[in-house]
Amino acid sequence: MSDQRQGLHKGTGVILKRDISPEGNINLLCLLREKGPIWVSLPGGAKGKVRLGGSTEPMIWGEFSLHRSRSRDYLKEVEVKQDFWKLRSMPEALMTSFRWFRLLGDVLLWRQPVDEVLPVLYWSMELLESGSDPIGVDLRFTWRLLNALGIAPSMKNCDYCGADISCGVWRDNGFVCVNCGDGDKKLDLSISILWIFSPQSAIRGKKLSLEARNSILSVKPLLVENFKLLS
Ligand SMILES: [Zn+2]
């Protein structure tokens, strides 16, 4: 793999986090195609010694030119492809994005490529910026991330008997139909299913009623439990 060797290499992806050390060095947690989560350094970057413009902010998508030396990666250049500028002025959408970045930093393995996650993140951010309800987009992102990691619950069929589910009961990290989950709390999954599986264009800019938001908010914490399957 090219990033295991010394020298110049490139990566396409997004900045998830920026830390500035007391010495004024910038360290960026990036999620890059074919590389996975990776820390890259810009020595002296916060002291104005190195100028890369505003391109070391979290949420920046682009092509990163890196130099690898003694097991560290140094940032040489960023060619910004998408800065999600409008999203930065949308408070709820912005908070949602940063929660995703933290989650990705927590659940993804260092230097393990997870290329399926990049389009999930990109297109979820695109929906947020379009004005789609952050609660709905958050559910969509969460399920699609779990799916990319191979640990998403089925939203279509009962885990026990295979019956169709639009109303389900949470059991053993998955949904079962109301017959198999007899006695436990039933959840209407129809709005959640719509927000997870609809084409991008069908929910772009779409808002949710208070009732629909509450329906999604009752489902999402259950999905989040599945991240524990990674540990
Ligand atoms: Zn069943």
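Tutor: What follows goes through the salt bridges pair by pair. The model is predicted, so local features need pLDDT of at least 70 and side-chain atom pairs count only at pLDDT 80 or more, while totals for chains, interfaces and linings use all residues. Residues are numbered from 1 along each chain as its sequence is written, and side-chain values use heavy atoms, with hydrogens and water left out.

Side chains of opposite charge can pair when their charged atoms come close. A salt bridge here is a side-chain nitrogen of Lys or Arg within 4 Å of a carboxyl oxygen of Asp or Glu. The whole structure has 11 of them.

One of these joins Arg 111 to Asp 73, at 2.7 Å from N to O. Arg 111 sits in the loop between helix 1 (91-107) and helix 2 (117-129), and Asp 73 in strand 5 (residues 72-82), so the pair ties together parts 38 residues apart in sequence. Helices (H or I, at least four residues) and strands (E, at least two) are DSSP runs, numbered from the N terminus. Both Arg 111 and Asp 73 are buried; buried means under 20% relative accessible area, exposed over 50%, and partly exposed in between (1.4 Å probe, protein chains only). A network of salt bridges links Arg 68, Asp 73 and Arg 111.

Another salt bridge pairs Arg 213 with Asp 133, their closest N and O atoms 3.0 Å apart. Arg 213 is in helix 6 (residues 210-224) and Asp 133 in the loop between helix 2 and helix 3 (134-148), 80 residues apart. Arg 213 is partly exposed because its relative accessibility is 22%, whereas Asp 133, at 5%, is buried.
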